[in-house]
Amino acid sequence: MTDAAAAEPADDQGQTRDLSNARDMIVCEEVSKWYGDFRALDKISTTIKEQEVVVVLGPSGSGKSTWIRCINRLEIHQEGRIVVDDVELTNDLRNIEQVRSEVGMVFQQFNLFPHLKVIDNVSLAPIWVRKKPRAEAEEQAMAQLERVGIPEQAHKYPGQLSGGQQQRVAIARALAMEPKIMLFDEVTSALDPEMVKEVLDIMKTLALSGMTMMVVTHEMGFAKEVADRIIFMEEGQIVEQGTPTHFFENPTEDRTKLFLSQIL
Amino acid sequence: MTAPTTHERAHQRVPLWRDVIVLKWVAQVFLLVVVLSTMFFLATQAGDNLRARNIVSTFDFLERPIDIQLSEGIDTHPDTGARALWTGMVNTLRISVAGIFFATLLGIVVGLARLSDNWLVRRLGSMWVETLRNIPLLVQMIFYFSVLTTLPRVGLGTGPINGWFHISNKGISMPRVFIADGFYQWLMVVGVGAVAAHYVRRHRQRIQDETGAMTSPILWGIGTVALFGLIGIFVHPMFTWMGGIFGAIADLLDSLPIIAPQILFSVVALGVAARWISRFLTDHRSVRGHLSLSDDDWFRIAFAALASLIIVFVLVRWTGFSSWTLNSGRDLFHVLEDKFNVDGAARPFDAMRPDIIQKSRFPNYGKNGLTMSIGFAAVFFGVVFYTSAFIGENVRGGILAVPKGQSEAAMAVGLGRGQVLRHVVLPQAIRIILPPTGNQYLNLLKNTSLAVAVGYSDLVQIGQTTYNQTGMTLPVVAIWMLFYLSCSLSISVVVNWFNVRMKLVER
């Protein structure tokens, strides 16, 4: 687990952090994917450093979710290479399971397991994947639930929680595996407006603690405040990338300008 | 709270014929009276009509000798009508239980096959389902029967393995393992083993929870029972003394007056009703102790109280039930006494090889082997294959109904394929699969009555023979209906119990 106290405190805007000497966590080289004739990803190449927070923006259908889902192989890319923490994603089942246990993912629809109590949702993978004793796993699960601020809900079922609480449990569930990378796939899109903030606040804390994060979102405020780098995608390609200051204040590409003019 | 006051005011002002509450009560009572008097009318009418046509419906035939020979069952030459029908019930239950078990196994295989990644397996699964569920079960049974009758005729020297395993137009015969005199004592040893297994399992589970080591507690529990079963083969005579206890209970029951069970059952009936009403009231009380009951609720309470009073009245007026319980209880414990008072050297199990005997011109299977007649086989394959197609569809539908996000989320935290299935997909799918599969079990039980078409001695077939000989059609039909109804209700109760237990907790 990335210890919050040991991590270097990021500066206010998180924009001027120098990560050039950090290790490569995710390397994508010319990644392409098709659904039938439709090209969902078109030669995506980029490298995400350790502790870097990358926000992926773009209109719907631009391939953001497909790309993020390729990184723990919920989708299979057809061309190019994806290397996560020095492990290349191939058809090798061992590589896939290794990557998945080191990459946490949070979904738009929460996807909590409705038949398990909150605490069992969080401790399921540590018990069965990490082979931890139940008592220890539950203790750590409680610690994660405290981290996301809802330890008192531990013995309820997901169906009894609000959307924001469910999404926080989902974050705790991903964190319980002590991942090196966290992927967030439009995690606030299915939430009522008043619950968006509680989830974003946890993500900010997580970013400040030094977690490597890749975030697909429509929350521009979050992108401005937390991102080290913003990647703008359209039609399966990376159109433009840069710091939030560059991206929001003087974007170079016309398509980026159009996108910004539509949403701001 | 303003609700009670408006409620009271409504009572003061509204005339009776416009008061919803009064009208509801009148309707309930009226309906009850109509239903009861209709039933009474129909029963007396039917009785009068039958008497007028000189048809006497009694259940006397159950105790009279009957001339019937059955192809298979616990008693092939039953001496009374009751014994004949009982043999039929056992045969029906035998085929239903076996059918439900194998149809479930096969259904799961078929359902998973239809979801397989393998093209060939998937196609075979679809073919199985589409063929079997679209051909009437009766046609299938007759088909299996006619295929099986083309097998070679039974002879003294037939069999694939003579003396061990025979296949012929009389069915399949193989060695039979059966319970012998020492079985009940042995069962006691196994019972002790089950208690021990409970503690062993708990102990292993605790170790697993504390250390994380995989201790397979369930396997250990099963192993403990198996170990006791093995030891029990040698030490079971140690339970012979229990015969004395059962004998004492039988003597005690024999000496009790009829009033004793009458009092006991009356107290139970009143107690159950009182407990139900008090629970009902607590359930309908809010946290602050405010009681709000609808008219329906009042009606239910009144009905529960009335029902218990009627039971008490019947018990007091009609001593038959009470004396019957005493007598059969006494007989039961005498039987148990006999089961335990056996020679200490008796074995719990015994086995016999199949035999072929020739009494007249044609040889046939003897009694020693475990014989599956072709009638049984035709009904068995019929209901198993037919029901497996439906259960397979339930399994497939249940698994597909678990949202894809569930398995994605499970994979994303690093669970392997088998773990995803075991911990996430199946626990949710089973909740969807179970209710319709319970219906299929009911269908299977009822479909076994088609056995009459292929000459398997099930309850319906024996019942037909019985009423042809005795003329007691209505009593036999009543017994049929009561039997199928109680079996179906038992299955429903079990399935519903599982459903309630497995319901997902929602807000």
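1. The model is predicted, so local features need pLDDT of at least 70 and side-chain atom pairs pLDDT 80 or more, while totals for chains, interfaces and linings use all residues. Residues are numbered from 1 along each chain as its sequence is written, chains are lettered from A in the order written, and side-chain values use heavy atoms, without hydrogens and water.

2. Chain B places 28 residues in contact with 30 residues of chain A (contact: heavy atoms within 4.5 Å). Between the two chains, 1 salt bridge is counted (a side-chain nitrogen of Lys or Arg within 4 Å of a carboxyl oxygen of Asp or Glu). A:Arg69 pairs with B:Glu408 in a salt bridge, with the closest N and O atoms 2.6 Å apart. On chain B, the elements giving two or more residues to this side are α6 (183–211), α13 (404–412) and α14 (417–447) (helices are DSSP runs, H or I, of at least four residues, and strands, E, of at least two, numbered from the N terminus).

3. The largest pocket is lined by 42 residues, with B:Ser71, B:Glu72, B:Thr76, B:Gly366 and B:Thr371 nearest its centre (a pocket is an open set of points on a 1 Å grid over the protein atoms alone, where a 1.4 Å probe fits, with protein on both sides within 12 Å along at least five of seven lines; lining residues have an atom within 4 Å of a point). Elements giving two or more lining residues include α3 (81–114) and α12 (374–401) of chain B, as well as strand β3 (176–179).

4. The second largest pocket has 28 lining residues, among them B:Ser407 and B:Arg417. α2 (93–102) of chain A and α12, α13 and α14 of chain B each supply at least two of the lining residues; α14(B) gives the most, with 5 residues.
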